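The following briefing is intended for a reader who has the sequence and the coordinates at hand.

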Amino acid sequence: MSFILSWGLAKGFCDELRLSLIYTHLGYNLTQELFPYYPYYTNGSLTAMPGNGTVNNLNLQSFNISPSYFWSLNFYSNFANGLSNETLYKAIPLIISSLNEICSDPLSFVDLGSNEWEVTGNYSSTGYPMMANDPHLTLYDPSLWLPLQLVSPRLNVTGYELVGEPGVLIGHTENTAWGLTTPLGASSNAYLEIVNMENHSYLFNGEWLPLKEYNFTLLNKKYTIYYTNNGPLVSYNNTLKMGISLYWVNQYYPFLTLISEFLLDNSTNFSQLLNAARYWVEPTQNLAMVSKNETGFITAGLYPLIRITLPNNESVEVVGGRTILNGSIPNYEPVGYIPFNYLPQSINPERGFAFAPNQPTAFIDYPYPFVGGYWVSDGRALTIYRYLNSHRNMTISDMESLQSNVTDSWASILDPVMVSCLKNENFSNNLKEGVLLLSAWNYTFYQNEVAPTIYTYTLLNIINNVVNPVLNEHGLTQYKNLLTGTVGFYGTDTLITSDLAYFATHNPNSSLFNGSFCKVVNLSYNEAMSYLSSKLGNISNWKWGNVHVLELINPAGISSLNYGPIPIWGDGFTPSAAYFNFNGTISIPLIVSEGPSLRIVDSPATNQFYSIFPGGPSENPASPWFETQLNSWLNFNYYPFSPVVEVNATWYLIPRGG
């Protein structure tokens, strides 16, 4: 994948910076409450690799380490990062500048969501395996994707390529198919360095070493990038004698993933698909695979391992950290990568299905713990699991139905609690009508429904009424715009909504709610209803499609070539996702710019391949083929995508002028 897209999907560096900032202000207990190591609803059924985390007979207990002990530890402390709390606090200016340099919105144009699942032959109606995939990216106009078929005497592959990328990245041959989602484990790390920029040196293992330099010219302006042994300095402060460097596996193996893509495009069986995963480097991806008789996924890529010594003096190799790491000593340098055979995986799963929509890839007994696991909330995973677990004899139509699912599992938990808080209030007619709509709602987000609007604006106000006091009390308000993304208080699929669902049902008197969740709900509901009334008038105008709209963005920034706004289904937690940006400001409309950038459903054994994407085979806005599939995509329709074209042609090389 291209360098910039690869960085957009990389996890670790920016997350460690954000959590460092949060932890230095909130302390361990509150940070852990809001950003637990695993989302509150995760268990061995919901992780991508089912079970306790054992992979090929290896687990954490194989190293005589108790999972319950391990995950009870404070991984923000010195043993895990080599830094004192005082040093972390001192580094806040560097953390802020680093977040602004390469973790701010201009580079965050790739959303970290996607869905994929597979069913075995025993779980399908035909007796043969199937898979589905829909990667969630920024919805550009024209699309980032180009549909194509490549045919030669030895090759027949159909699917999608990213613009400027060779070959098919997601697609199928006549006998195999594959897709991709992001696993959200740290493949990059942030290191705090001791530097002296006066003589361009840095301290490592007690010795001052010269910084390496890379000089380049861009737009007639000269630039210099300085490198430590960990990677480039993203920011530095000579007064503090500190810098923050970026370690990223892609800087060491920038082109190896192209070999993996070539092998996928030439695959004819499942073992060849699995072999292709060996060459996948970065960004780490859940590689969904299906052949005529086998199916499953493996988390492909290189995860750098750090050997840490626990408080009980046991040592273990972990993925990433919860904060920036000490780069001035060798203790926290990568010692290798997760061995290929022990990457999270589920091959021909016994339960009949596997799924990996960005939830935790492996549970607490996994032998290489994801300390740097920056998972999303599990909202989509919970809905997908419930569907797959209750649908044996899956058909192609069932696979498509799940891709079109607009049920929000967090709404199914939060809405009944909201209603129970509101139903006995003495409301006026308008407010009573809103409660009745929430009471009768089935938690779907269709354009013509009013309940999703009332629920969402109530939820956004709840988030503000819970988060803003925390930000104000602990001095984080000034960093509000930086605290977005997977690890942060805002964003499209952060942990905050799942936190609210958990505490509302398990501890409604939590201090987060100032002692009463119902009081927060009542206040937030009144604020939402008042705001919607002032903006939209009568409650009949509050349909979800009136406030939740899609805009396809022209990647060149030519606003006249944007498409929309148009009403759209879903939200950030529905399988058919439609993410809108929320940074704490309540507004209408909620602009959707990220979602399923393509959808595929494949069954090689039955020669059934279907696909749709919000674009067309032409990148020319004047072409009639520019947006030909957009309406079908919006209405969850599919096109046959079978590799039926066979080309018999002879190519001649003719000299110029010949």
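G179 has A288 in β14 as its bridge partner. Strand β6 (residues 176-181), in which the pairing is antiparallel, is joined to β14 by 6 bridges; two strands are taken to pair if DSSP finds at least two bridges between them. Helices (H or I, at least four residues) and strands (E, at least two) are DSSP runs, numbered from the N terminus. The model is a predicted one, in which local features need pLDDT of at least 70 and side-chain atom pairs count only at pLDDT 80 or more, whereas totals for chains, interfaces and linings use all residues. Residues are numbered from 1 along each chain as its sequence is written, and side-chain values use heavy atoms, with hydrogens and water left out.

- Strand β14 (residues 285-291) is largely enclosed by the rest of the structure, because 7 of its 7 residues are buried; buried means under 20% relative accessible area, exposed over 50%, and partly exposed in between (1.4 Å probe, protein chains only).
- Q285, L287, M289 and S291 point one way from β14, while N286, A288 and V290 point the other way, and all are buried.
- Strand β15 (residues 295-300) pairs with β14 in the antiparallel sense over 6 bridges.
- The two strands β14 and β15 form a hairpin, with 3 residues between them.
- The cis peptide bond between E282 and P283 has an omega of about 0°, and P283 is found in the loop between α8 (270-277) and β14.

**Residue N286**

- N286 lies in strand β14 and has T299 in β15 as its bridge partner.
- The C-alpha atoms of N286 and T299 are separated by 4.2 Å, although the two residues are 13 residues apart along the chain.
- With a relative accessible area of 1%, N286 is buried.
- Not counting residues up to four places away in sequence, N286 touches residues including E116, G179, F297, A356 and T361; contact means heavy atoms within 4.5 Å.

**Other strand pairings**

- Strands β17, β16 and β19 form an open sheet of 3 strands in the order β17-β16-β19, with antiparallel pairing.
- The edge strands of this sheet are β17 (315-319) and β19 (336-337), each of which pairs on one side only.
- Strand β16 (residues 304-309) is joined to β19 by 2 bridges, and the two run antiparallel; P304 stands opposite Y337 in β19.
- Strand β8 (residues 201-204) and strand β9 (residues 207-210) run antiparallel and are joined by 4 bridges, with L203 opposite W208 in β9.
- A hairpin is formed by β8 and β9 with 2 residues between them, and N205 in the turn has a positive phi of about 55°.

**Residues in helices, loops and other strands**

- S498 is placed in helix α14 (residues 496-506) and counts as buried at 1% relative accessibility.
- Leaving aside its neighbours within four places in sequence, S498 is in contact with Y41, S377 and W410.
- N348, a residue other than glycine, has a positive phi near 45°; N348 is found in the loop between β20 (345-347) and β21 (353-355) and counts as partly exposed at 32% relative accessibility.
- F636, also a residue other than glycine, has a positive phi near 60°; F636 lies in the loop between α17 (630-634) and β28 (639-640) and is buried, with a relative accessible area of 18%.
- The peptide bond from G564 to P565 is cis, with omega near 5°, and P565 is found in strand β23 (residues 563-567).

**The chain as a whole**

- The chain contains 17 helices and 28 strands.
- Along its principal axes, the C-alpha trace spans about 75 × 70 × 55 Å.
- Of the 658 residues in the chain, 60% are buried.
- Among contacts with a separation of 6 or more, 72% are accounted for by residues 24 or more positions apart.
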